[in-house]
Amino acid sequence: MDRGVSRMLFDKQDHELLVIVNEVLNRNKSRKYLKNLLNPYLHPHGIKEMAASKELRVAYAVIHLLNSLEVGEAEDRLSALRSLRDEVLYSAQSFLRRNTARVLLQIMKKLVQASGDYRRQLELAHDFRITASGKPRIVREQLRRYHLLEMPEAWNQIATDDHVHDVNTKGRKSSTHLIMDAWIKGIQRLKVIYYNHVKADVAEELLKAAEIMGIRVRIGVEFSARFHDRYALFIWAPRGLLDAQDYLNFLKEEPVESFMAEGRRVSEYQRRYTMAVLREFNDRHRYSIEDSYGFLPPLLDQEEFLSFVGVGQVSLLHLAEYMHTKMLPVMKDHVAGLRVKYTGAEPEERRQMAGIVEELNRLDSEAIVEEYLRPSHNPSVPAPDIPCDGADVPALLTLSPRELLERLGHLNAGYSITLALGNLNVEDVIELLYDCRGMITHLEIFNLKDYVTGKEPHTVEISELQRAINEDNIIILKRIIQESIKRLSTEDAGRIDKFTKILHDISAFRSYYKGTLLKSRVGSDSTGRSHHLYGMGLVIKDTLPLRARREIKKAPLSSRLTIPINTAVYLRANYVSRSNSNRLVNAFYRMACCIPGLRLIGKKRLEEWEIDRSSTFVGAGGNIVALGGFDEESTNDLYLESPDLRKTRAGISWKYLNSGLKNWIKVLIGFVPAFLTFYLTKDWWLLSWFGAFIWFGITGVRNILQSVIGGGGIRRSPLLKWNDYVSWDRLTDSLLFTGFSVPLLDYLVKTLLLDRTFGVTTSTSPVLLYTVIALANGVYISTHNIFRGLSKGAVLGNFFRTILSIPVAVVFSMITGDILYACGVVDVNAILQRWAAVISKGASDCVAGFIEGLADRYQNIRIRMLDYRSKLAQMFDIYTRMELLFPESDVCEMLESPKRFIRAIKAEALDLEKIVIINALDLLYFRMYQPRAGSALHTIIRGMSPEERRIFVRIQSVLERNREISQLFVDGIVGKNFSKALSFYLDRSGPYLTAIKKMT
């Protein structure tokens, strides 16, 4: 089970998770039941908690999403994505909710991808579990580890990418996988580019996945048009289409279908070029590699290559990756042979061998493209980027830019046309803008791939042209055209007449963009395949939290690239009225609005960043940062010296210690200074030997009190015990830090500072004594709260609760003194002085127990409100569908008889029966198992109309149908481990329905 891993490391749950995950990865049929848990109507906090752990559910969804690229599995991928989103968002319960969810997804991706490395998988499983706690320090550490920037929890950052590819062109990821990765990075808006045409099923998957994750996605199709001796590239994106179904209907229109068919012929034409290059490699380049490196690559098989490409559009990038996968085993064998000779070789011979191996290590797929696949290396194959005429040239490739854009303009009234600038200079852009008469709406002013590879030499000049057009600055525009004519006089005299005409017709030129802007697009051109290019995603620094901006400033260039693009943004604040079911509270808000200075009471502030569309320009000191990184050290893992096959591992890492052992170590670390302080400074045996135990006992009781108050009380549910509410990890953290407060408060503050320095004791000035101790305690608590990365609200709250404890400490001291006097104890003041720090600690923790318990209560109610609202939205949506399904029946009356209702649904729509039952079971589970569910449900019910309450109760009366629901459990509604869930339903559904009817 432990695979040689020390039992001091990791937890039993980590090993159990990996056993099941690896069984799923190995296609173990016994784990197929997990697929049922991807049902979109099963809530993460609902009945399926009884069937499988959260970690397992997330792992299964990730496996299903990453390992399904076959045609026809789009629905499965979308179900997995929807389940993933809900699992991670509802799992994260701290104030870093979205950032925690992003990290959880990233860790689980890595865990699945680390299949075969058991130790690495264990580390990731442990990381997942501790990150799910939402502790800010841990979450931020994981964000840094995976090169993710912290995003604002308001989720209002401006993070975009206007040029990415998925597996259906030359990318590596399915549409669903691409959207998941975009969300992990924090991207809000995405444009996915396809070549020459787009398939309906591809568009449907992409748009539905984006809708699930809340990402705005546009689909762009790249077309080529003849422009002098090359092709100009245009990206067309239709606008005004509301959703996936609207887009699919658009693709079915006859003109669009016809145009896409022409685009498919262009893709086929380009595919033939790639296949010709493959044959050229087989015939010629294989032997040049043999001459250069001493090994002969295997022959490339065309059918095998097409199978390797799969659903994508065949490209040179695919060919290079296929070649690399075929060559790498041969390269390793060749280097293994060199390794044998290396030890006994002469120095010169060894240098030659080392040089060969170094070159082979650099021979990855990108190097193969540059060395063997570019048109310059295959002169016998007609280059695809040079226009030519012939019977096999598709008609679409014979169009001029204006002809192409006019045809695109007829397909849909709303559209955007982006001109790609990769192979264009400022003269080309002027000519294209003039010829196309305003049909070009955007310029791809920055392409990250071209920038990194040094192919963007003219962006500054083009940016200046764009600003002149947008500002309607005729002087600058005229100067730019005149400078272009001067350059053309020495470079291309044939175009001078054209530019002279543009200069004389400059008023018409400026009119094309009168009243509108020539906007900018910025994209990465990411495919997810390259180790030497930055990944997808760009973000405007100003819209990030301060912590993230500081991280960017400190990061090296190779880790976090700031691109030379400047875009001005401004923050817009909106105030929205809060909804409250309490009429008195609403009345107070209405009255407060009439008082000057209080009109925003009861309003929720929503902040939104806006871009100044006319402000984008190219220049030094940009404010846009690449979200992706790249691997500078990527090699083929070839070597001449014998490696140590045993993977060396670091020693025991604190963070991977077994959780139980780690918690005891925390307690011990905190206990040592506390015990030593009491033992060395107290002469009374009780405090000397038991002071630390008393101190820790106060902290423990406070944490338990806080958890019980926050969770709903000792008798909230007959299914939960008091210790089910307690977070033992949080308790041990408290004990760790409280231990160091003993020498601070009891010795340094109370004894050295107050007593020996200023003579302040319980007999001279008790109020001052307890005030200073409380303030010192507040500073200490706030300091370690900041160290742990807690929110500002928590830091300030913990400081001010110590101030509230001052009068409580004084009262505790007075009561204790009175009791001692009544008992006839001599020298009460001396005893109170000895116990002053303990009394202050008790008062502080007493106040903290109630205040933090109320904060936990609020947090739990907030989460339950989210749970209930999402579930009730599903429930009322289903009710609406039933009203439409039975137009002549009173559905609410039908619900009064669950037997009749089930019979009617079975006759019309079997899926509705299952959905109604799932919703009812989840609501039952909420009420019985989730903390503060009752309080949240009372609040929601108070806000319902009488009609909604009646529907709410009657829909849940379906729980009375024991036979039908039991059969659903047996059929696998929550998988094969249904016995516990079924028993829970049969035992608790009756009392639950009775309680619900009383509440309404």
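## Cavities and a helix pair in a predicted model

Cavities of 30 Å³ or more number 7 in this structure, which is a predicted model. The largest cavity has a volume of about 250 Å³. Its lining is made up of 17 residues, and those nearest the centre of the largest cavity are Arg189, Ser520, Val522, Thr567 and Ile611.

Three strands, β1, β7 and β8, each supply at least two residues of this lining. Of the contributing elements, β7 gives the most to the lining of the largest cavity, with 4 residues. By residue class, the lining of the largest cavity consists of 7 nonpolar, 5 polar and 5 charged residues.

| Strand | Residues | Part in the lining of the largest cavity |
|---|---|---|
| β1 | 159-164 | at least two residues |
| β7 | 519-523 | at least two residues |
| β8 | 538-540 | at least two residues |

The model also holds a packed helix pair. Helix α3, residues 74-91, packs with helix α7, residues 175-185, at an angle of about 20°, and their axes lie 10 Å apart. Because angles under 35 degrees count as roughly parallel, α3 is roughly parallel to α7. The crossing of α3 past α7 is right-handed.

On the α3 side, the contact involves Arg77, Leu78, Leu81, Leu84 and Leu89, which meet Thr176, Ile179, Met180 and Trp183 of α7. The residues of this contact between α3 and α7 comprise 7 nonpolar, 1 polar and 1 charged.

Note on methods:
Residues are numbered from 1 along each chain as its sequence is written. This is a predicted model: local features need pLDDT of at least 70, side-chain atom pairs count only at pLDDT 80 or more; totals for chains, interfaces and linings use all residues. Side-chain values use heavy atoms; hydrogens and water are left out. Axes are lines fitted to C-alpha atoms, for helices over the stretch in contact, and angles run from 0 to 180 degrees between N-to-C directions. Angles under 35 degrees count as roughly parallel, over 145 as roughly antiparallel, 65 to 115 as roughly perpendicular and the rest as oblique. A crossing is left-handed if the near helix is turned anticlockwise from the far one by less than a right angle, and right-handed if clockwise. Contact means heavy atoms within 4.5 Å. Ala, Val, Leu, Ile, Met, Phe, Trp, Tyr, Cys and Pro count as nonpolar, Asp, Glu, Lys and Arg as charged, and the others, Gly among them, as polar. On a 1 Å grid over the protein atoms alone, a cavity is a set of points where a 1.4 Å probe fits but cannot get out, and a pocket is an open set with protein on both sides within 12 Å along at least five of seven lines; lining residues have an atom within 4 Å of a point. Grid points are joined across faces, edges and corners, and a volume is the space filled by probe spheres set on the points.
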